[in-house]
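Student: I would like to go through the labels used for this structure and the cut-offs behind them. Please set each value against its definition.

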Amino acid sequence: EPLKFVRACSIRVLFTGDLAWYAVALGKVNMAPHWCCWCKLSKKEWKDLHEPGEEWTLDSMNEWREQLNRKVIENTRMNRKGIVSKILFDCVEIIQYIFPILHGEIGLGNYLLNHLYTWVDYRIEKVTEEEMEKRKLFRTIIEEMELKEGELMEFLSGGGRLLIELKTERAELKELKQFRDEDDQFMHTTQERKEFDVRIKELNVEIKDLQEEKDRLNSLFQVKKIVYEVAKKELDEYKKKRGKKGEIRVKLETILAQYGISRPEYHGGDLTGVKVKVLLQNIDKIFEEFKTEIMSIDDRAADDNEVTTQIEMYTHLGFILDGIFSMARTKCGDLTNDMIDLIRRMNKAALHLWRCLQMSMKGTKIHGLEDHLLKQMIKYNGTGDFTEDFVEQAHQYGVKEEARTRSLNRFQAFNSHSRWEFTSNQAGVQQAKEQVLTRSGWKRKGDQMIKKMHQN
């Protein structure tokens, strides 16, 4: 029986993941910290008050790349705008790369907490002027090292690939030039071999220039790396010599632990998405306890008014961020004009507090929050169906798996990962996990414990 056409359904292809993956897909390998994937701004431009940048499209990015290749546009670092290779997927428009809500929440939530800790170090622990200067110098050295590393990575992504291609071509030509037949005669004519020599000489010049540039950038990076290692050693020795300044940080971490918030080593010491959500959803209670603990310190540089003001600002910022990311999870079709107006005002308030607290605006996530999140929410009438939570969860599983098999060689680890993944995805295993979770009720018990603790 022939197939009967019923109706055509439009298919919408969207990208979700973290910003590093977006950079790779858009041909901006290693450029995620320096260039926006949605617009033409760099962090030097968006870190201050600015007008929204011109947004990329597939056509405009391809045209810009072609103009760079044809040298219509001078191939400078600023003119490249992070572009180092071709786009991997030419069927997905750049506006369809969804702002990573979970990764944005993780990044900004962790930065908020770490920034508060920095304030505690300076104003509560009373770090000496000497140590403050050492820390400032160390941060400057880190920024300089990262700048040189970025320049090297940018070259390796563009010029480095070209260098490999040219060396490969030269090796092939040298081999072709020496090819002989069964009678031990050259397989190519004298004219052809002369043409090979001409091309090899041209390649030698191009390879020399690229190799010199690579060596120059690598040398600059290695010098900054050595300076960084020396400065880090000096700072560590200074901290070791002066001993512990106090236990306020330990006390603050203890308060977080009471809410089930910890810093897992497998996540680089940062809070995971679940922990950041708990922090932001309970930030008024947690930071009020922080304030009480800080106020109990008599020997501190910050007076009561400063402590109250700072804690209130951090609390309000965290509360507003929680609201923004909660509304960013609005399902497609559920976004209303009132919600758009509210998130616009919340966004403005969050950025005002962010700048008042002198928190860095150089990050790609805070730029995406400022210039791109709301636009995407309006375009898709809600972005809650496009979150990348499952990607982050898979990443955490992967890191745990790496830790579990770290004592195995690569072949054994591969087999172990494969067997584990195959077994875990079996329907019977999934059902058994759900039954165990329901029977044990650990999650429910944990929620009840937190609720009871808050009531007390």
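Student: What is M145 in contact with, leaving aside its neighbours within four places in sequence?

Tutor: With those neighbours set aside, M145 touches F221, K224, K225 and Y228. Contact means heavy atoms within 4.5 Å. This is a predicted model, in which local features need pLDDT of at least 70 and side-chain atom pairs count only at pLDDT 80 or more, while totals for chains, interfaces and linings use all residues. Residues are numbered from 1 along each chain as its sequence is written, and side-chain values use heavy atoms, with hydrogens and water left out.

Student: Why does M145 count as buried?

Tutor: Buried means under 20% relative accessible area, exposed means over 50%, and partly exposed lies in between (1.4 Å probe, protein chains only). M145 has 12% relative accessibility, so it counts as buried. The residue lies in helix 6 (residues 129-177); helices (H or I, at least four residues) are DSSP runs numbered from the N terminus, as are strands (E, at least two).

Student: How are K71 and D184 classed on that scale?

Tutor: K71 counts as exposed because its relative accessibility is 71%, whereas D184, at 48%, counts as partly exposed. K71 is in the loop between helix 3 (58-69) and helix 4 (77-80), and D184 is in the loop between helix 6 and helix 7 (190-242). Phi of K71 is near 65 degrees, a positive value in a residue other than glycine. For D184, phi is also near 65 degrees, again positive in a residue other than glycine.

Student: What makes helix 13 (residues 364-371) largely enclosed by the rest of the structure?

Tutor: Of its 8 residues, 6 are buried, so helix 13 is described as largely enclosed. The buried residues are T364, I366, H367, G368, L369 and D371. Their cover includes helix 1 (19-25), helix 2 (43-46), helix 5, helix 11 (304-328), helix 12 and helix 14.

Student: Why are helix 12 and helix 14 called roughly antiparallel?

Tutor: Axes are lines fitted to C-alpha atoms, for helices over the stretch in contact, and angles run from 0 to 180 degrees between N-to-C directions. Angles under 35 degrees count as roughly parallel, over 145 as roughly antiparallel, 65 to 115 as roughly perpendicular and the rest as oblique. Helix 12 (residues 337-356) and helix 14 (residues 373-380) pack at about 175 degrees, with axes 11 Å apart. The pair is therefore roughly antiparallel. I340, I343 and R344 in helix 12 meet L374, M377 and I378 in helix 14. By class, that contact has 5 nonpolar, no polar and 1 charged residues (Ala, Val, Leu, Ile, Met, Phe, Trp, Tyr, Cys and Pro count as nonpolar, Asp, Glu, Lys and Arg as charged, and the others, Gly among them, as polar).

Student: What makes helix 5 oblique to helix 9?

Tutor: The axes of helix 5 (residues 101-124) and helix 9 (residues 273-281) cross at roughly 60 degrees and come within 9 Å. That angle makes helix 5 oblique to helix 9. By class, their contact has 6 nonpolar, 3 polar and 2 charged residues.
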